[in-house]
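The following exercises are to be worked with the sequence and the coordinates at hand. Each task is followed by a solution in steps.

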Amino acid sequence: METAKNRSFSDMGVMLGRSIRHVFRSMDTIITVCITPIAMMLLFVYVFGGAIDTGTDNYVNYLLPGILLIAIASGISYTAYRLFLDKQRGIIERFHTMPIARSAVLWGHVLTSLVSNALSVFIIILVALLMGFRSSAGILSWLAVAGILMLFTLALTWIAAIAGLSAKSVEGASAFSYPLIFLPFISSAFVPTESMPLVVRVFAENQPVTPIVSAIRALLASQPVSNNIWIALAWCLGILIVAYIFAIRAYKRTSSA
Amino acid sequence: MEKAIEVKGLRKSFKDVEVLKGVDFEVTRGEIFALLGSNGAGKSTIVKILCTLLKPDGGTAVVNGNDVASRPGHVRQSISLTGQFAAVDEILTGRENLIMIAKLRHLKNPHQVADDMLKRFGLTEAAHRKPSTYSGGMRRKLDIALSLVGNPQIIFLDEPTTGLDPEARIEVWKIVKALADNGTTILMTTQYLEEAEQLADRIAILHEGRIIANGTLAELKTLLPQAKVEYVEKQPTLEEIFLAIVGNKEAI
Ligand SMILES: Nc1ncnc2c1ncn2[C@@H]1O[C@H](COP(=O)(O)OP(=O)(O)OP(=O)(O)O)[C@@H](O)[C@H]1O
Ligand SMILES: [Mg+2]
């Protein structure tokens, strides 16, 4: 049993190595993922920023958490894309006829999604620093932020896996991420929800992005995180579990044995 | 164990289309077995079931002593598939593709294995290029090379030479023959009757969901109506045999 476990870890390592190579050999995907959120950040800070009253003196600080979520929401569509190509080009079939753990293929993609999204988040934070983002957060708070972002990435990655495995076309594999990218706009990511009409406000305050953004914002500003962090974690875990179940189901369908 | 593959009463439907209606055949260890059939006959479906990619609806299929439905993990230990469409990683180089498979097969020296394989298939020059820059023949060779890593006992080749020019086709034939000489069992599908004639120890013809003929080339030749043989000057080609048998069945 022990050796079987070691083997399946080593298989997963090989799969991770493969898919990391895919990411680094198509750096344009990372750049594409970073450019839109960065452009949005510039737009909101330097164009709309003066007109938006968030009650803080540093709008970049206010904006950054939402921008990071947008970057992740668009980044995971490449996971769907890569999975779709694997399925379509038959390489998954080759792996599935080999004596390796079936889950290794899927987990290789999932771990790669974590790595590549971490990279784009890192790049965007660097740009934000240039634009005046400052944080008084200590190492623990930063770790907590990293943890929330990782959990959020994982949850969306499993949604991406469902899309990639069940899509019939490349477009279909990545189109699902558009609504996810829009969620932050109807949340407290850009403007406080108090300014919204009632119906929109009710939606904004009760969808996952708002508590996640608030929790990250509070952590970065060294303020008390209140309940938000637990609501944020509950959303991420809930989405993760449901999406995982459906993704595994879709994965089993790709080869019925 | 004499038989490498034993298939009995194999059935498979997709939705309401019954593709396999009870397929029976056996493949002896070390032989080249060719499965012939027209487009859509179900050749790839049989190969996928034997490779544990599809579950059969009925009947049994035993590969290397293990039932494909109940012990797929054991089956995978002894097989390797070169599917109908090349399954290579487009972004890794040829060499990296081979190293990856060698690692997944937990071989001792993946880099050495890859280099040997590149040499054996005349791909050393192209080792550091992506398969997207390869010709069709080179891709197919890499695809087959990937399947041979780790020396599996039973190899499935689904239309290995479709789309290749005659030269590349002959090269693939040589590879297949060399494998069989080393004791590897090979099940291949093809639409080229000449290919089966050239390579196969035994030939089975799949038609309308069943194996309608199965034997050596010589045995199949005797299936032709006697009268016809007398009028034909040269030996009948397998193509003629095929058409004759298929025609007969349809007449019934
Ligand atoms: N996943 C599937 N879903 C529905 N129908 C399928 C599926 N796979 C195969 N079929 C159908 O089953 C039949 C047999 O297909 P198969 O690919 O096994 O034929 P084949 O003999 O390999 O043909 P070819 O020479 O064209 O490769 C075809 O009619 C095909 O449309
Ligand atoms: Mg086929």
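Helices (H or I, at least four residues) and strands (E, at least two) are DSSP runs, numbered from the N terminus. The model is predicted, and local features need pLDDT of at least 70, side-chain atom pairs count only at pLDDT 80 or more, while totals for chains, interfaces and linings use all residues. Residues are numbered from 1 along each chain as its sequence is written, chains are lettered from A and ligands numbered from 1 in the order in which they are written, and side-chain values use heavy atoms, with hydrogens and water left out.

**Exercise 1.** Determine in which helix A:Ser120 lies, and describe its surroundings.

Solution. 
Step 1. A:Ser120 belongs to helix 5 (residues 102-130) of chain A.
Step 2. Its relative accessibility is 2%, so A:Ser120 counts as buried (under 20% relative accessible area; exposed is over 50%, partly exposed in between; 1.4 Å probe, protein chains only).
Step 3. With neighbours within four places in sequence set aside, A:Ser120 is in contact (heavy atoms within 4.5 Å) with A:Val33 and A:Cys34.
Step 4. The side chain of A:Ser120 also reaches the backbone oxygen of A:Ser116 at 3.0 Å. This is a polar contact, that is, a pair of N or O atoms within 3.5 Å; within protein, one must be able to donate a hydrogen and the other to accept it, and residues adjacent in sequence count only if both atoms are side-chain atoms.
Step 5. A:Val33 is located in helix 2 (residues 27-48) of chain A. The C-alpha atoms of A:Val33 and A:Ser120 are 7.0 Å apart, although 87 residues separate them along the chain.
Step 6. A:Val33 counts as buried, because its relative accessibility is 6%. Its contacts beyond four places in sequence include A:Ala71 and A:Tyr78.

**Exercise 2.** Identify the protein donors of the magnesium ion (ligand 2).

Solution. 
Step 1. Donors are N, O and S atoms within 2.8 Å of the metal (3.2 Å for Na, K and Ca); water is not among the atoms, so sites may look incomplete.
Step 2. The protein donors are B:Ser44 (OG) and B:Gln84 (OE1), at 1.9 to 2.1 Å from the ion.
Step 3. B:Ser44 is in helix 1 (residues 43-50) of chain B, and B:Gln84 is 40 residues away, in the loop between strand 6 (79-82) and helix 3 (94-104) of that chain.
Step 4. B:Gln84 counts as partly exposed because its relative accessibility is 29%.

**Exercise 3.** Which residues come nearest to ligand 1, and which polar atoms lie by its oxygen atoms?

Solution. 
Step 1. A residue is near a molecule or strand if one of its heavy atoms lies within 4 Å of it. Of the 13 residues around ligand 1, B:Gly40, B:Lys43, B:Ser44, B:Thr45 and B:Gln84 come nearest.
Step 2. Helix 1 of chain B gives the most to this shell, with three residues.
Step 3. A polar side-chain atom of B:Asn39 lies 2.8 Å from an oxygen atom of ligand 1. For B:Gly40, a backbone N or O atom lies 2.8 Å from an oxygen atom of the ligand. For B:Glu159, a polar side-chain atom lies 2.9 Å from one.
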